[in-house]
Amino acid sequence: MQAVNDTGLVKLSSYIDGSWSDGEQKFDVTNPANGKVIAQVHNAGVDETELAVIAAKRALPTWSKKSANERSAILRTWFNLMMAAQDDLGRILTLEQGKPLAEAKGEIAYGAAFIEWFAEEGKRVYGDTIPAPSGDKRIVVIKQPVGVVASITPWNFPNAMIARKAAAALAAGCTFVVRPSPSTPLSALAMAELAERAGVPAGVFNVVVGEDSVGMGKVLTQHPDVAKFTFTGSTAVGKILMTQTATTVKKVSMELGGNAPFIVFDDADLDAAVQGALISKYRNAGQTCVCTNRILVQKGVAKAFTDKFVTAVEALKMGDGLEAGVNVGPMISSEAVAGVQALVDKTVEQGGVVIKGGKQSSDAGSFYEPTIVANVTNDMALASNEIFGPVTPIITFDTEAEAIEIANDTEYGLAAYFYSRDIGRVWRVGEGLEYGMVGVNEGIISNAAAPFGGVKQSGNGREGSKYGLDDYLEIKYLCMGGIDR
Ligand code: SIN
């Protein structure tokens with residue numbers, strides 16, 4: 001593959017029970033920057049997914065009985081290997097996903113940070129003792145790994161979304177099966193190669209790559225040997241998967257869609273707000289679930305903010321992520337471009353006004369111009385749907401109460417952002433927003449130390465942080481009797 005130094009990282013088949021598993025059929029992986037096929041990967045399906053679950057079940061007793069320190073040492077080695085391979089992993093990621101190389105390398109460091117974080121955090125799985133209601137008893141609480149964890153991860157962060165789940169699972173003593181998006185399997189397979197080099201034992205970390213999303217999804221959500229299911233993706237798909245997990249009452253965590261408001265109050269530092277909005281909206285070409293989806297700007301500063309924002313967006317350079325200086329890459333596919341165009345067209349019909357961009361680029365590949373649409377209200381298509389593309393609708397408001405009401409008027413509750421220098425307002429708005437994560441004078445909120453997750457229909461559970469292990473642990477209470485006898 002183009003420009004990868006360590007060619008051993010380019011793997012083309014699933015990794016099951018410590019082996020690379022070839023099949024009859026292959027599917028194409030394409031570069032969204034030019035539509036060219038960059039690899040053909042063996043197409044795993046239901047059978048391979050079942051084998052991976054069985055392997056994970058078999059590996060569980062040995063892995064879960066290792067000491068936290070032993071697991072930590074292996075995870076730390078995996079982290080070190082990922083950071084040493086950051087350049088190659090970043091290139092693989094850009095080639096299959098499209099994001100600019102600097103961003104892709106940033107994602108590798110972001111993903112690796114979860115492995116480093118949980119290598120440490122796994123040593124701090126503390127239990128509890130509780131005063132018992134009678135003198136002859138003692139109550140002791142211990143925490144144990146949930147068991148086999150199955151997961152489905154998206155194409156927008158082909159490395160970090162796997163690392164965030166797998167690191168917590170492995171640190172807790174669980175074993176893991178992931179089905180990455182078939183649009184971006186190469187990053188996941190490269191992670192498996194590095195896990196093997198780091199000494200992760202066979203069956204502990206399995207990657208099944210294949211196009212049969214329904215069949216493989218059913219195995220991962222319904223197999224009786226899977227104890228926990230974790231998903232990052234759209235709310236619509238999350239609801240289906242969550243229903244499927246109900247048949248075997250699995251522990252579930254869901255990191256689903258968002259509709260992030262970005263509120264600019266009249267007392268905000270406008271230059272800082274412009275920079276925050278720019279990075280929050282246009283990183284990954286707008287394809288993250290915490291991306292700003294709507295800018296809400298107070299009427300007194302609406303013109304000044306919009307003028308500055310348009311100037312900043314005009315300076316963005318769109319192109320192939322491997323080209324120097326590019327900061328907006330392609331969208332993942334032409335279907336994704338068409339979906340964004342439909343939302344823009346509908347909003348224009350509803351009264352929105354395109355003041356920048358508004359169309360697909362004429363370049364080969366799935367590029368959509370960085371776009372700004374003004375005169376938008378919260379009921380218009382761009383404000384009431386998750387855009388997942390490089391388009392910003394701008395809504396104006398009069399009062400703080402109105403801003404909070406508009407911001408909360410959505411079924412989503414993942415991330416929100418606001419800019420203000422008034423400490424009273426910072427508390428009122430911070431507490432009033434119905435979201436799992438709120439950036440205050442900050443457009444980038446994701447990091448391994450912080451609890452990532454949403455409320456309402458944006459999902460449940462938290463990833464990263466000291467809370468991130470809880471989703472992979474069961475609480476067991478030991479009632480010790482006969483003490484006074
Ligand atoms: C996502 O889009 O699902 C994750 C974004 C992040 O971790 O920042």
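The shell around the ligand takes at least three residues from each of domain 1 (7-257 + 457-477) and domain 2 (260-409 + 415-448), with bounds from an automatic or database domain assignment. This is a predicted model: local features need pLDDT of at least 70, side-chain atom pairs count only at pLDDT 80 or more, and totals for chains, interfaces and linings use all residues. Residues are numbered from 1 along each chain as its sequence is written, and side-chain values use heavy atoms, leaving out hydrogens and water.

Trainee: How many residues surround the ligand?

Mentor: The closest include Tyr-110, Arg-164 and Cys-289. By class, the shell has six nonpolar, four polar and three charged residues. The count is 13.

Trainee: And how much of the ligand's accessible area does the protein cover?

Mentor: Start with the oxygen atoms of the ligand: one lies 3.1 Å from a polar side-chain atom of Glu-255, and one is 2.6 Å from a polar side-chain atom of Tyr-110. Of the 260 Å² that the ligand has on its own (Shrake-Rupley method, 1.4 Å probe), the protein covers 100%.

Trainee: Back to the domains, then. How many residues of domain 2 are in contact with domain 1?

Mentor: The C-alpha centres of the two domains lie 30 Å apart. Contact here means heavy atoms within 4.5 Å. On that basis, domain 1 puts in 27 residues, and the number from domain 2 is 25.

Terms used:
Near = heavy atom within 4 Å. Polar contact = N/O pair within 3.5 Å; in protein donor to acceptor, adjacent residues only side chain to side chain. Nonpolar A, V, L, I, M, F, W, Y, C, P; charged D, E, K, R; others polar.
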